[in-house]
Amino acid sequence: MKFIDLYPTDVRLELGTIHFSAASIIRYAEKFDPQSFHLDAEAAKNSVFEGLCASGWQTSASWMKCFLNFWSKEARRLVAQGIEPPKLGPSPGFRNLKWLRPVYAGDDVTYFTTMKASRALASRPGTYMNTTLNEGVNQHGDVVVTFESNDLEFD
Amino acid sequence: MKYGFEDFTPGRSFPLGPKLVTAEEIIEFAEEFDPQPMHLSEEAGKASILGGLAASGWHTCGMLMRMTVDSYISHSPSQAGLGVDLVEWKKPVLAGDTLSGTTTVIEQRVSKTRPGMGVVKLRHELQNQRGEIVCIAELNAMLATSAETASA
């Protein structure tokens, strides 16, 4: 079954929630984004963010973590119901990613995905390009990140 | 500080890397953020269309970020990333690859809404040791336009 047949367009799917501890923010930043406002709570007070906050790349990668968690459960559910799960492939990239608000130490971000379109690739029979809108929303209901992803799906 | 907002003129470029991508780093990142088989084991990677143990695209973005911090962000009045117009993962990044590349300034303007701040649009290209482009990213970042606003 195709992803779009299981999850119709414009239906927002809740994927799960990630807690951003100070330790996880600092651990990511030490490896990938060592700027003071991601490493040091005191220094962060004097930045435009006014507090220790996660690298935008950590906020974005955490969507992937939630999606996979959601998908492994969904795949099991579908198999249990006798439905063949969609064969999802790699992503060639994404567009229009916006970090709308900082994710602060202690925040909980709930991630969503919404199917927008699926088109068959003329150049690769049996292959489809899915476009999804992806979002992260903090515990106050504020959207912190959005992006449009492209993902391959196979027959 | 080595670079100011005024140094980010359109057409100017900054070198990125080199960065050796190890199997251990690929697996460590994937275990936390993207635990799919082709990011976790050589065998599963070889069996996938990626052709080997491959870094998560989100890991490549993290490594790109780190290369920009080491090259110029830590030597500039960078304040925040605003967003990413596009990221294209053009080819798999495999264990043992060495990434390097270039950041090129596309646009530079003073912020209309935030006094003392400027916005630059940057294009990043990362290639592997064979000269193949593996990742392209275009993003927008905010920099302080003077030392005063940088420390405010």
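How many residues lie between strand 5 of chain A and strand 6 of chain A in their hairpin, and which residue in the turn has a positive phi? In this predicted model, five residues lie between the two strands, and A:Gly141 in the turn has a positive phi of about 90°. The pairing of strand 5 with strand 6 (residues 143-154) of chain A is antiparallel and extends over eleven bridges. Within this pairing, A:Thr132 has A:Ser149 in strand 6 of chain A as its bridge partner.

Strand 5 (residues 127-137) of chain A also pairs with strand 4 (residues 108-120) of chain A, in the antiparallel sense and over ten bridges. Here A:Thr113 is placed opposite A:Asn134 in strand 5 of chain A. These two strands likewise form a hairpin, with six residues between them, and A:Gly126 in the turn has a positive phi of about 85°.

Attention now passes to chain B. Strand 3 (residues 98-110) of chain B is paired with strand 1 (residues 13-20) of chain B, antiparallel and over six bridges. Strand 3 of chain B is also joined by ten bridges to strand 4 (residues 117-127) of chain B, and these two run antiparallel. B:Thr103 takes part in both pairings: B:Phe14 stands opposite B:Thr103, and B:Thr103 in turn stands opposite B:His124 in strand 4 of chain B. The hairpin of strands 3 and 4 of chain B has six residues between the strands, and B:Gly116 there takes a positive phi near 80°.

The meeting of the two chains can be considered next. In total, 25 residues of chain A are in contact with 26 residues of chain B. On the side of chain A, the elements that give two or more residues are helix 2 (22-32), helix 5 and strand 3 (93-99). Helix 5 of chain A provides the largest share, eight residues. By type, this side of chain A divides into twelve nonpolar, eight polar and five charged residues.

Helix 5 (residues 56-80) of chain A and helix 4 (residues 57-71) of chain B have axes that come within 10 Å and cross at roughly 170°. Because of this angle, helix 5 of chain A is roughly antiparallel to helix 4 of chain B. In this contact, A:Trp57, A:Ser60, A:Ala61 and A:Met64 meet B:Trp58, B:Cys61, B:Gly62 and B:Met65. The residues involved comprise six nonpolar, two polar and no charged.

Strands also connect the chains. Strand 3 of chain A is joined by five bridges to strand 2 (residues 78-89) of chain B, and the two run antiparallel. A:Phe94 is found opposite B:Val87 in strand 2 of chain B.

Terms used:
Residues are numbered from 1 along each chain as its sequence is written. Chains are lettered from A and ligands numbered from 1 in the order in which they are written. This is a predicted model: local features need pLDDT of at least 70, side-chain atom pairs count only at pLDDT 80 or more; totals for chains, interfaces and linings use all residues. Axes are lines fitted to C-alpha atoms, for helices over the stretch in contact, and angles run from 0 to 180 degrees between N-to-C directions. Helices (H or I, at least four residues) and strands (E, at least two) are DSSP runs, numbered from the N terminus. Angles under 35 degrees count as roughly parallel, over 145 as roughly antiparallel, 65 to 115 as roughly perpendicular and the rest as oblique. Two residues are in contact if their C-beta atoms, placed from the backbone, lie within 7 Å. Ala, Val, Leu, Ile, Met, Phe, Trp, Tyr, Cys and Pro count as nonpolar, Asp, Glu, Lys and Arg as charged, and the others, Gly among them, as polar. Two strands pair if DSSP finds at least two bridges between them.
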